[in-house]
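Welcome! Take a look at it first, and then read on.

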Amino acid sequence: MCELFGITSKETIYANSYLKEFFSHSDKHPHGWGIVCMEDNEASIEKEPMDASKSIYLKRRLTLPIEEKTMFAHIRYATIGNVEYQNCHPFSKKDRYGRRWTLIHNGTIFEYAPLSKYVQSQSGDTDSERILLYLVEEINKREEKRDTPMNGQERFAFLDEIVTGMSKDNKLNFLLYDGEFMYVHTNYANSLYYLDRGGTVIFSTQPLSEEEWKSVPFTTLLAYQEGKRIRTGTNHHNEYFENEENMKYIFQIFSNL
């Protein structure tokens, strides 16, 4: 299981202490790390296909102030996809109108046929990258058909529909940013928490401090803007449960990495 970290805030906040605690978990997630700082439509990505605790670059990076309004971080435990740079999160891509979408994912897509077509065209070989490619292409199709960009409410409704279908029988924890809104989803129990500091919301797979972290609302797509939840989607009730068949599938793939 990978771990996710994200910040959405009205004001710039100092993130180093949370990030240091987050990356200290990399002994159990040694297959890559990534940070992305986002502002409007820009995304500055830094990542390496190695244990974060062994990265000289990351160690030096965390000695410098990291002060952001919107950012993600990720540590990877590979299930699908080799331990390579192109398989490290985050993944980022622009749609046909130039809006940049950036994704980090914790989970496994066991069966979702629309993703299969991207196996030949993606840069790496993770299901996570395929999720982003699919989302952006579906958005492009919708906007091309109507010949105008979707507004925020329309984008949320469209993503809500996709997530409802994709989450069935799949583990789908993710943070997604479109330059305006941060979308948050979990369907696996006790695997995503948030800390609301009033104007700042921090997300993490595990609580990172002694503060009052709470479980992210379950099996429901959420949207945040500048540290405030602004939309709540459909409760699709597609909770993911680990089972013997899925664990065998993951083990078989992992043994080939």
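Accessible areas here come from the Shrake-Rupley method with a 1.4 Å probe. By that method, the protein chain exposes about 12,000 Å², and 46% of this area is supplied by carbon and sulfur atoms. Please keep in mind that you are looking at a predicted model.

**Overall build**
- The protein chain holds five helices and 13 strands.
- Its radius of gyration is 17 Å, close to the 18 Å that the globule rule gives for 257 residues, so the chain is as compact as a globular protein of that length.
- The C-alpha trace spans about 50 × 45 × 30 Å along its principal axes.

**Packing and charge**
- Of the 257 residues in the chain, 54% are buried.
- Taking contacts between residues at least 6 apart in sequence, 67% join residues at least 24 apart.

**Backbone details in the loops**
- A cis peptide bond runs from H89 to P90, with omega near 5°; P90 sits in the loop between β4 (67-75) and β5 (91-94).
- D169 is not a glycine, yet it has a positive phi of about 65°. You can find D169 in the loop between α4 (152-166) and β7 (171-177), and its relative accessibility of 57% is over the 50% cut-off, so D169 counts as exposed.
- H237, another residue other than glycine, has a positive phi near 65°. H237 lies in the loop between β13 (228-235) and α5 (244-254), and it counts as exposed because its relative accessibility is 62%.

Conventions. Residues are numbered from 1 along each chain as its sequence is written. This is a predicted model: local features need pLDDT of at least 70, side-chain atom pairs count only at pLDDT 80 or more; totals for chains, interfaces and linings use all residues. Side-chain values use heavy atoms; hydrogens and water are left out. Helices (H or I, at least four residues) and strands (E, at least two) are DSSP runs, numbered from the N terminus. The radius of gyration is taken over C-alpha atoms; the globule rule is 2.2 Å times the number of residues to the power 0.38. Buried means under 20% relative accessible area, exposed over 50%, partly exposed in between (1.4 Å probe, protein chains only). Contact means heavy atoms within 4.5 Å.
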